Amino acid sequence: RRAKSTSTDMTDQEQMAWDAWAAGFIDGEGCIILHRINPRKFSLRISVGNTDIRPLHRLQQMYGGSVRWDRHPRGRPFWVWKTVSLNAAKCLLRVMPWLVVKHEQAELAIRSRQYMRRGRKTEVELENLEWLKREISRLKTQPMSPPETPGQRTPSEEGQEKFTWPI
């Protein structure tokens, strides 16, 4: 079942708070994918899986898309929210200021939209889309370093400028 966004009923401040919440949920439980459908067609997709359907319905209400049941490896109930194409790009634009883990993936995914026009794509467009797809995948497999606690330094950082939190 598809749902239209009802986010226009919210104030700007409420919308920003929900977008920040969604960014955290997507960062922790979600996946940003540039999927090659066939040799000449790509699709941008965001999916989030969870054993609790309620936050997924909230994402559907805010950004459209669909929620469906899926199989969980441990046999528990499991649902997936998915939004694609232009809706996915619009969602990423709204949550990107608050994304931490997937911020770079979101930037690349949004860049991909400039090459996803209807009709026959040029070889350069296809090469650019393939490069963006590989970069998004690479970012998923690159090791994540834990965020530094203010004032905490490792011996290898001697002589480097001290990290400060941008608040």
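Student: What makes Tyr63 buried or exposed?

Tutor: Keep in mind that this is a predicted model. Tyr63 has a relative accessible area of 5%, and buried means under 20%, so Tyr63 is buried.

Student: Why is Trp81 put in the class it has?

Tutor: The cut-off is again under 20%. Trp81 comes out at 0% relative accessibility, so Trp81 counts as buried.

Student: What makes the rings of Tyr63 and Trp81 a pair, and is that pair stacked or tilted?

Tutor: Ring centres have to lie within 6.5 Å to pair, and those of Tyr63 and Trp81 are 6.4 Å apart. Planes under 30 degrees apart would be stacked and over 60 edge-to-face, with the rest tilted; here the planes are at 50°, so the pair is tilted. The pair also links distant parts of the chain, with Tyr63 in helix H2 and Trp81 in strand S4, 18 residues apart.

Student: How many aromatic pairs are there by this rule?

Tutor: The count is three. One of them is Trp21 with Phe25: their ring centres are 5.4 Å apart and their planes at 20°, which is under the 30 degrees cut-off, so that pair is stacked. Both residues sit in helix H1, four residues apart, about one turn of the helix. Ring pairs also join Trp18, Trp21 and Phe25 into a cluster.

Student: How do you know that the buried residues of H3 line one face of the helix?

Tutor: Start with who they are: Ala88, Ala89, Cys91, Leu92 and Val95, in a helix that covers residues 85-95. Seen down the axis of H3, these buried residues fall within an arc of 160°, so they line one face. They pack against helices H1, H2 and H4 and strands S1, S2 and S4.

Student: What makes Glu130 buried or exposed?

Tutor: Glu130 is at 19% relative accessibility, and the cut-off is under 20%, so Glu130 counts as buried. Glu130 lies in helix H5 and touches Arg36 and Phe42, leaving out residues up to four places away in sequence.

Student: Why is Thr51 called partly exposed?

Tutor: Its relative accessible area is 35%, between the 20% and 50% cut-offs, so Thr51 is partly exposed. Thr51 is in the loop between S2 and H2. Setting aside neighbours within four places in sequence, Thr51 contacts His72, Arg76, Pro77, Phe78 and Trp79. Thr51 and Trp79 are 28 residues apart in sequence, yet 6.1 Å apart in space, C-alpha to C-alpha.

Student: Last one, the second largest pocket: what is its lining by class, and which element gives the most?

Tutor: The lining has five nonpolar, three polar and five charged residues. S2 gives the most, with four residues, and S2 and H3 each supply at least two. Of the 13 lining residues, Lys41, Phe42, Ser85, Met116 and Arg118 lie nearest the centre. The space in this pocket is about 310 Å³.

Definitions and conventions: Residues are numbered from 1 along each chain as its sequence is written. This is a predicted model: local features need pLDDT of at least 70, side-chain atom pairs count only at pLDDT 80 or more; totals for chains, interfaces and linings use all residues. Side-chain values use heavy atoms; hydrogens and water are left out. Buried means under 20% relative accessible area, exposed over 50%, partly exposed in between (1.4 Å probe, protein chains only). The arc is that of the directions from the helix axis to the C-beta atoms. Contact means heavy atoms within 4.5 Å. On a 1 Å grid over the protein atoms alone, a cavity is a set of points where a 1.4 Å probe fits but cannot get out, and a pocket is an open set with protein on both sides within 12 Å along at least five of seven lines; lining residues have an atom within 4 Å of a point. Grid points are joined across faces, edges and corners, and a volume is the space filled by probe spheres set on the points. Ala, Val, Leu, Ile, Met, Phe, Trp, Tyr, Cys and Pro count as nonpolar, Asp, Glu, Lys and Arg as charged, and the others, Gly among them, as polar. Rings of Phe, Tyr and Trp (its six-membered ring) pair if their centres lie within 6.5 Å; planes under 30 degrees apart count as stacked, over 60 as edge-to-face and the rest as tilted.
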